[in-house]
Amino acid sequence: MNKYLTLSGLEPLVVTPESNFINVGERTNVTGSRKFLRLIKEEKYEEALAVARDQVEGGAQILDVNMDEGMLDGVYAMTTFLNLIASEPDISRIPIMIDSSKWEIIEAGLQVAQGKCVVNSISLKEGEEEFIRQATLVKRYGAAVIVMAFDENGQADNYQRRIEICERSYKILVDIVNFAPQDIIFDPNIFPVATGMDEHRKNALDFFSATKWIRENLPYANVSGGVSNVSFSFRGNNTVREAMHSAFLYHAIKNGMNMGIVNPTMLEIYDTIPKDLLECVEDVLLDRKDDATERLLDYAETVKGNKKEREEKILEWRSTSLQERITHSLVKGIDAFIIEDTEEARANSEKPIEVIESNLMIGMNVVGDLFGSGKMFLPQVVKSARVMKKAVAYLQPFIEAEKDGKQEFAGKILMATVKGDVHDIGKNIVSVVLGCNNYEIVDLGVMVSPEKIIKVAKEENVDVIGLSGLITPSLDEMVYLSKEMEKNDFSVPLLIGGATTSKAHTSVKIAPNYANTVVHVNDASRAVTVVGNLLKKDNTVGGAADIAPPDHRHAAHDVELGADGVGQPLITGVGGAGGLLDHSQGAGAQGVHRDPQGGVLDGVGDHHDRGRMVGHDPGRGLQSIHAGQPDIHGDHVGLQTRNFRQRLLGRGDGCDHSKPRVAGHDVLQQLPHHQGILDDHHPHGPADAHRMRPMVAKSSRWSNFCLVM
């Protein structure tokens with residue numbers, strides 16, 4: 001008797017050997033679609049349902065639903081959205097994939113999903129006992145399951161580890177849990193290729209080989225994966241990404257992959273991919289040439305509209321100024337002239353270290369800006385870091401000579417992927433970039449417990465702690481660790497990074513727990529600039545002193561480093577997201593203006609042009625709120641509409657209440673180190689209108705300075 005994976009919404013989906021590849025729609029995923037995340041946060045569920053409907057109409061045979069976001073009530077969102085889907089026959093006719101890294105969200109989805117759905121995912125990362133418990137519950141709910149290639153030692157990142165973990169998981173499910181083998185779907189981990197790092201060269205090839213082994217050796221099991229991961233290095237270049245997705249799928253399907261999470265709009269027909277592009281892409285995927293990444297980068301430049309320079313013009317940049325030459329070498333990853341340019345810069349400087357702090361860092365800031373805007377790709381950033389390393393290596397003997405021959409690093413940085421998370425590609429790239437800039441790296445690897453991070457940080461006397469995480473539970477671990485650092489009287493900066501992290505979560509959930517600097521770094525190229533500013537002598541944290549005098553410092557600032565490395569304050573004060581007002585996407589929302597009395601005025605206009613000013617007294621926290629019109633547009637101040645339960649400021653004591661200001665729903669709870677908030681105020685009311693409940697920061701130092709990249 002044949003055993004086929006059978007799923008259902010209102011209609012059955014039977015996956016047989018004759019079935020075409022099963023497309024899993026990925027756009028109803030808050031981690032993969034900014035639009036969908038915004039709609040869910042604002043509770044615009046009708047529009048969110050339209051996204052799901054578009055996926056079904058676009059050919060999705062399974063609908064992936066993910067509600068993993070640090071500032072979102074995932075259980076509520078998953079339950080609400082799936083209940084609404086159930087009332088839409090044109091959507092609910094296909095099966096649902098309940099996608100989360102938190103078991104409580106998965107189980108909430110299982111309790112309301114109709115038909116036979118798929119759970120994405122469970123794994124051995126927390127041990128066999130928890131794996132068996134979750135698998136047993138999935139079986140009771142009547143669902144199929146995706147099993148990730150994780151175990152207690154981390155994520156499978158090569159062929160052998162993939163097949164070992166999948167075989168072990170299969171035997172446990174079939175022999176102990178009595179799980180139907182056809183209801184098991186393995187995800188052997190699709191990792192980025194063409195990152196510029198040699199250890200990633202076989203990422204796609206190992207996936208293909210592991211897929212083939214699973215289909216041949218684990219009877220009736222299926223194989224899936226998140227296809228867009230493979231092209232992460234080329235984000236911003238859709239032509240290359242679409243070709244990579246199509247070529248990857250072509251080879252993965254040939255090796256037995258029968259379903260996957262894809263965006264159909266990001267696929268090119270394999271046979272229509274230009275032959276020269278296809279050759280470059282497949283050289284990377286199949287690891288056929290040592291210079292495959294370089295060649296694909298060159299091709300990517302041509303499809304961005306950048307025509308190749310003629311040979312006779314290639315070296316024209318050598319006639320530009322010294323700083324322009326150094327910047328050009330770093331941006332283009334050219335190391336042929338970096339030594340002579342570095343020597344020229346050294347000869348013009350009082351101290352060799354100044355070349356690093358000025359000339360080279362100016363160039364790396366440009367790299368960071370280009371990468372952040374999608375104009376550079378990951379492997380290019382790695383190349384830039386290697387040019388930087390060559391320049392620093394040249395300067396090192398001169399720096400040591402000034403220090404009696406004693407070698408010194410620019411700083412010691414502890415890097416770790418937090419407990420429960422095994423993703424480390426991003427962390428490793430940050431480590432490479434920082435290492436190339438003369439920082440000593442203490443890399444603790446993946447799934448590192450808070451206790452170990454605290455212990456090693458003390459033993460090594462590190463200058464900075466960097467935490468990485470990709471899945472939503474990582475956010476909880478980071479929150480816990482920030483509290484532990486505070487308990488242990490740490491005074492070093494804390495860097496937060498990873499795909500699931502955000503400036504809002506960092507500001508609201510992590511920063512309030514730790515009295516020292518907390519930094520959200522949104523990509524590897526920014527790390528050098530951030531760390532350099534944090535560790536600079538007599539540092540004012542990149543211009544942050546402009547926000548508040550050093551004797552009266554308070555909580556939760558949002559600061560962004562500009563191209564010149566100077567901090568540019570964005571929004572300060574207590575906001576709808578509990579200390580973070582981010583209007584960076586709003587029309588005219590460009591800056592913060594200082595009040596002559598030392599406060600900061602947020603006078604930016606929202607989309608609706610209703611300007612607002614948050615007056616900030618640096619001595620007492622939030623001093624006053626002036627509202628020209630009711631500001632209840634939660635979608636422009638980071639509030640979730642469902643949680644937008646009003647706290648009215650402006651009641652009693654002779655105030656004009658005709659135009660009340662509505663503040664965030666849990667400002668006090670989100671900033672626990674402040675003991676109160678302005679209760680009554682109107683700019684033209686009598687003196688007793690300024691009734692302030694006590695609002696005191698924990699200390700007179702930087703009480704939780706949150707730097708958000």
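**Two helix pairs**

Helix H1 (residues 34–41) packs against helix H2 (residues 45–57) at an angle of about 150°, and their axes are 8 Å apart. Axes here are lines fitted to C-alpha atoms, for helices over the stretch in contact, and angles run from 0 to 180 degrees between N-to-C directions. Helices (H or I, at least four residues) are DSSP runs, numbered from the N terminus. H1 and H2 are therefore roughly antiparallel to each other, a term for angles over 145 degrees. The contact (heavy atoms within 4.5 Å) is made by Lys35, Phe36, Leu39 and Ile40 of H1 and by Tyr45, Glu47, Ala48 and Val51 of H2. By class, six of these residues are nonpolar, none polar and two charged. Ala, Val, Leu, Ile, Met, Phe, Trp, Tyr, Cys and Pro count as nonpolar, Asp, Glu, Lys and Arg as charged, and the others, Gly among them, as polar.

The model is predicted: local features need pLDDT of at least 70, side-chain atom pairs count only at pLDDT 80 or more, and totals for chains, interfaces and linings use all residues. Residues are numbered from 1 along each chain as its sequence is written, and side-chain values use heavy atoms, with hydrogens and water left out.

The second pair is helix H8 (residues 203–217) and helix H9 (residues 238–254), which pack at an angle of about 25° with their axes 8 Å apart. That makes H8 roughly parallel to H9, the term for angles under 35 degrees. Ala204, Phe207, Phe208 and Thr211 in H8 meet Phe248, His251 and Ala252 in H9. This contact has five nonpolar, two polar and no charged residues.

Terms used: Parallel < 35°, antiparallel > 145°, perpendicular 65-115°, else oblique.
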